[in-house]
Amino acid sequence: MSILQTLILFSFLLSASHAAVQDFCVADLSAPEGPAGYSCKKVSAVTVNDFVFSGLGVAGNTSNLIKAAVTTAFVNQFPGLNGLGISLARLDIAPGGVIPLHTHPGGSEVLLVLQGTICAGFISSSANTVYLKTLNKGDSMIFPQGLLHFQLNSGKGPALAIVSFSSPSPGLQIVDFALFANNFPSELVEATTFLDDAQVKKLKGVLGGTG
Ligand SMILES: *[C@@H]1O[C@H](CO)[C@@H](O)[C@H](O)[C@H]1NC(C)=O
C-alpha cells in the first residue's frame, strides 16, 4: 500500500469514527434499558425540555419510617442524561432521620450539604474500614462506587443535601429493605446474617416483609 493510499484509508477511518460521535442521546424511555443505557430518541423529537429538570427545587416528603426522602434526577426522570455518565438527587433528612446503609451499584457519589448537619460514612470493601465525618453546610464528601454508605441527620433542624453521581442510572439498594422488606424467608435471613429470630421478625414487621 502506498503512503497516499494509507493516508486516505486512515483519514476515512478517522472520519468514519467521527461520524459515530453524537452530541447527545436523549433516552427513549419507551424502549428497554440496556447495560449502556437507553437507545436514543430521534433528534427531531428532542426539545430543550429533555435537558431541563425542575424537580429538585421541592422538598421531599419526610413523613415516613426513615424520616428522609431521596428525590432523584436519574435518567428515568431526566432523559437528557442518557449516555452522559452523570445524574443528581436531592436528600431531605428531617431531625432524627437517616438514609439507611445503602449502595449505588452503578456509580460513585459526591454529596454537598446545603443545610443542617449530616453524619455520613462509607465502608471500604477491601478491609471494611469505616470512614466517618460530620458534615456542615458547604461540606462535600465522596462515596466511591458500590460501597455501603449512609447519611444521618445529626443536627437539630432539617438537613438538605444535593448529591451527584457518575452514572445516569446509579441504582439504589438499601440493606435493610433488601433483607427485611421482601419475602426473603426469615430462616434464611437468620442463617445468612446471624441475626436472631426475634430481631428478624421485628424488622420484617416494621419494614413490611413477609416469610
Ligand atoms: C407525606 O406523606 C404522608 C405519609 O404518606 C402523607 O400522609 C402526607 O399527606 C404527605 N404530605 C404531603 C405534603 O404530601
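Predicted model: local features only at pLDDT ≥ 70, side-chain atom pairs only at ≥ 80, totals over all residues.

I began with contacts. Taking two residues as in contact if their C-beta atoms, placed from the backbone, lie within 7 Å, I found that 71% of the protein chain's contacts between residues at least 6 apart in sequence join residues at least 24 apart.

Residues are numbered from 1 along each chain as its sequence is written.

**Overall layout**

I listed the secondary structure next: the protein chain has four helices and ten strands. Helices (H or I, at least four residues) and strands (E, at least two) are DSSP runs, numbered from the N terminus. Along the sequence I read the pattern α-β-β-β-β-β-β-β-β-β-β-α-α-α.

An automatic or database domain assignment supplies the domain bounds. I noted domain 1 at 66-171 and domain 2 at 178-207, with 26 Å between their centres, taken over C-alpha atoms.

Then I checked the dimensions. The radius of gyration, taken over C-alpha atoms, is 22 Å for the protein chain, while a compact globule of 211 residues would be near 17 Å; the globule rule is 2.2 Å times the number of residues to the power 0.38. Along the principal axes, the C-alpha atoms fill a box of roughly 80 × 40 × 35 Å.

**The sheet**

Which strand order does the open sheet of five strands have? I read E1-E2-E9-E4-E7, with antiparallel pairing; strands count as paired if DSSP finds at least two bridges between them. E1 and E7 stand at the edges with a single partner strand each, so one side of each has no neighbour in the sheet. On average, neighbouring strands here are turned by 20° against each other, direction ignored. The axes behind that angle are lines fitted to C-alpha atoms (for helices over the stretch in contact), and angles run from 0 to 180 degrees between N-to-C directions.

I went through the pairs one by one:

- E1 and E2 are antiparallel and share six bridges; Thr-71 stands opposite Arg-90 in E2.
- E4 and E9 are also joined by six bridges in the antiparallel sense, and Gln-115 has Leu-160 in E9 as its bridge partner.
- E4 and E7 run antiparallel with four bridges, and Leu-111 faces Met-141 in E7.

**The core**

I call a residue buried if 20 or more other C-beta atoms lie within 10 Å of its own, exposed if 12 or fewer, and partly exposed in between, with C-beta atoms placed from the backbone. By that count, 26% of the 211 residues are buried.

A nonpolar core is a set of buried Ala, Val, Leu, Ile, Met, Phe, Trp, Tyr and Cys residues joined through C-beta atoms within 7 Å. The largest one holds 28 residues, and those touching the most other members are Val-75, Leu-91, Ile-93, Leu-111, Ile-118, Ala-161 and Val-163. Elements giving two or more residues to this core include E2 (87-93), E4 (109-115) and E9 (159-165). E9 gives the most, with four residues.

I followed up Leu-91. Leaving out residues up to four places away in sequence, Leu-91 touches Ala-68, Val-70, Ile-99, Gln-151, Ala-161 and Val-163.

Is Ala-127 buried or exposed? Ala-127 has 7 other C-beta atoms within 10 Å, so I put Ala-127 down as exposed. This residue lies in the loop between E5 and strand E6 (130-135).
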